[in-house]
Each structure stands twice: as C-alpha cells, then as structure tokens.
Amino acid sequence: MTDDEGGLAERRGLDEAVVYQPAEDSGLLAEAAVETAAGRVLEVGTGSGWVAQQVAEERGLDVVGSDLNPHAARQARDRGVEGVVADLLAPFRADAFDTVCFNPPYLPTDPDNEWDDWMEHALSGGESGRELIEPFLDDVGRVLAPEGVVLLLVSSLTGYEEVLALVADAGFEAEPVVEESFPFETLTVLALREV
C-alpha cells in the first residue's frame, strides 16, 4: 500500500460507511452558512444532511440538500431536510437559490489508486482535487438568484490559489468567511458573489 492509499484509507475510515459523516470541514461550512445564508438555500453534496440541518434549525431557512449518492439523500431526509438525488446543479432551475453551499470532494487522488464506491465520490477530487469544483463553478451562477452568495469550502490540498483563479474565471469575487488550519491541511470557506 502506498502512502497515498494509506492516507486516503485512514481519512475515509475502514468501515463500510456509504455516506460522508460530519467532520471538521462540515463544521466550518455549517459555521459559515449559519452566519451568512439567507433566503432559499441549496447544499450541494449534502452527505448526511448535517450542515443543511444546522442551517434550517439555526436560521429557520428553507434548505434543500442534494447529493449524487441516494443513501445520502435518504439520510438528509431522515434529518428533516429536503433531500434530492442530483449530479451537482443539473436538475435545478435558474435563479432558484439565494445561497448555495458546497463542500466538494477535494482529496487529490491518483486514478490508479481510486476505489469504486460511494466514499470515493464523497472524498476524491480527482488528480488535482478540483475535478468537481470546476463544473460546479461553471454552472452555479445559473441557479443563483441575483445578489445571491455561494459558500465554497476549499482545502489547501486542492491548491488555494488555483481555486481562486477558477472562481475569478467563473465571474465571482471571493472573500474568506472562516478558516482553520489542521496538521495536514488548511480549510477555508469562501463567500463568492457575482462581479
């Protein structure tokens, strides 16, 4: 087993869990969303629905949690969140949400070492760690209502400056809302607003 495989296996847990459960990144996104979210909220990649639940309970907002994983959508519904099976933003109509939150799968992963299960979808950001950030940024402006905000969690593992360049290319300006450093990465939640 290579160091990459061991690190990923350790981070994803060795159990057979099929839904991403709340961790440090979830806590940071929830903190930013509870502070910043307004109007109708979408959490893309909701996992267990914990972040969406925090926003709904703390702010009393209408929150939709979407995830490619049907088990995740079910767990979100079990938390009282409207859970939808969706590939990123594909099924949602234009201008539908005032706030869009996303904690993307961001671990850089060697394609030769990927596993084929739901936890891969929850953790692997492809070789760059930005495989899902790029298509998300390309489409999020469509579903975002005028004057809306996107809350995007970024890990230093994905290349912070590279993500900022993608954000600018997509027509957004970015402002850090909350940031925390850990032994293996720094996590930042950016508030993105259309320029």
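Modeller: This is a predicted model. Its protein chain has seven helices and seven strands.

Biologist: Why is α6 called roughly parallel to α7?

Modeller: The axes of α6, residues 133–143, and α7, residues 160–169, cross at roughly 25 degrees and come within 9 Å. Angles under 35 degrees count as roughly parallel, so α6 is roughly parallel to α7.

Biologist: What is the handedness of the crossing of α6 and α7?

Modeller: The crossing of these two helices is right-handed.

Biologist: Which residues of α6 and α7 meet?

Modeller: From α6 they are I133, E134 and L137, and from α7 they are V163, L166 and V167. By class, this contact between α6 and α7 has five nonpolar residues, one charged residue and no polar residues.

Biologist: How much of the protein chain is buried?

Modeller: Of its 195 residues, 47% are buried, where buried means under 20% relative accessible area. The protein chain exposes about 9,200 Å², and carbon and sulfur atoms supply 46% of that area.

Biologist: What share of the contacts with a separation of 6 or more is between residues 24 or more positions apart?

Modeller: Such residues account for 63% of those contacts in the protein chain.

Notes
Residues are numbered from 1 along each chain as its sequence is written. This is a predicted model: local features need pLDDT of at least 70, side-chain atom pairs count only at pLDDT 80 or more; totals for chains, interfaces and linings use all residues. Side-chain values use heavy atoms; hydrogens and water are left out. Axes are lines fitted to C-alpha atoms, for helices over the stretch in contact, and angles run from 0 to 180 degrees between N-to-C directions. Helices (H or I, at least four residues) and strands (E, at least two) are DSSP runs, numbered from the N terminus. Angles under 35 degrees count as roughly parallel, over 145 as roughly antiparallel, 65 to 115 as roughly perpendicular and the rest as oblique. A crossing is left-handed if the near helix is turned anticlockwise from the far one by less than a right angle, and right-handed if clockwise. Contact means heavy atoms within 4.5 Å. Ala, Val, Leu, Ile, Met, Phe, Trp, Tyr, Cys and Pro count as nonpolar, Asp, Glu, Lys and Arg as charged, and the others, Gly among them, as polar. Buried means under 20% relative accessible area, exposed over 50%, partly exposed in between (1.4 Å probe, protein chains only). Accessible areas come from the Shrake-Rupley method with a 1.4 Å probe; for residues, only the protein chains shown count as cover.
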